[in-house]
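Student: I have a chain to study for class. Could we go through it by question and answer?

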Amino acid sequence: MKLVVVSAGLSSPSSTRLLADRLAEATARRAGGADQKVNVQVVELRDLATDIAHHMVTGFPAARLAAALDAVAAADGLIVVTPVFSASYSGLFKSFFDVIDKDALTGTPVLLGATGGTARHSLVTENAMRPLFSYLRALVLPTAVFAASEDWGDEGLEGRVERAGAELAQFMGAAALPTVPSARTGAAPDTSASSDAPGPAVAAVRPDTDTAAAIAPRSFTGAVTSVDRPTPSPCKSCPSSSS
């Protein structure tokens, strides 16, 4: 499985990168196993700042930026972490996701993280980041992690990191499961075949928006999902429209 980490920290060392590394470590520890290796790739946006700006005005990505965009699009799981600038994500962070293909993150499990100087900015993950990735039709995980300056070294932060990592690992594991026929297709299961007979080969897919809407409905505020709306029952007491 491929885990990609996007860090928008500007300094070196960076608290944003530190949080990103902790989230990646927690996720890889939960997702990895004897038969499943997690490949972690980190994309440092500060190294791509000039390439992103050029792409914004020319429409053509440089080789390094193109490789980063391809890595994000191919990820089985994505961790995105930004510092807080003016009560929102940084301009560099937003610019990177402005140049990515609009369909690249469809169905990708995304774990949100942010860092700031004060806990007053803690809702940036909900008010700014979650709507952005819902618009991109990603599967935004319920637990987002914000780290203020006073949180470092606190047990509460470590607990949130572990919980968020476990959620992302679970979704990454679900992404590797084979598909099953949808109950909405109306196709009855074939019970005539022996249970020992091998079934037809099916392709592995990411969890769809129906699955995520059931598990994490908060992730889809404002998002376009494929959840079917129930057909309203006819009103028995209303007069007939036919004359």
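**Contacts and helices**

Tutor: Among contacts in the chain (heavy atoms within 4.5 Å) between residues at least 6 apart in sequence, 79% join residues at least 24 apart. This is a predicted model, where local features need pLDDT of at least 70, side-chain atom pairs count only at pLDDT 80 or more, and totals for chains, interfaces and linings use all residues. Residues are numbered from 1 along each chain as its sequence is written, and side-chain values use heavy atoms, leaving out hydrogens and water.

Student: How are α4 and α5 oriented to each other?

Tutor: Helices are DSSP runs of H or I of at least four residues, numbered from the N terminus. The axes, lines fitted to C-alpha atoms over the stretch in contact, have angles from 0 to 180 degrees between N-to-C directions. For α4 (residues 91–99) and α5 (residues 124–135), the axes come within 12 Å and cross at roughly 5°. Angles under 35 degrees count as roughly parallel, so α4 and α5 are roughly parallel.

Student: Which residues of α5 make the contact with α4?

Tutor: From α4, the contact takes in Phe93, Lys94 and Phe97. On the side of α5, the residues are Met129, Leu132 and Phe133.

Student: Is Leu132 buried or exposed?

Tutor: Leu132 lies in helix α5 and touches Tyr89, Phe93 and Lys94, not counting residues up to four places away in sequence. Buried means under 20% relative accessible area, exposed over 50%, and partly exposed in between, with a 1.4 Å probe and protein chains only. Leu132 has 11% relative accessibility, so Leu132 counts as buried.

Definitions and conventions. Helix = DSSP H or I, 4+ residues; strand = E, 2+ residues; numbered from the N terminus. Parallel < 35°, antiparallel > 145°, perpendicular 65-115°, else oblique.
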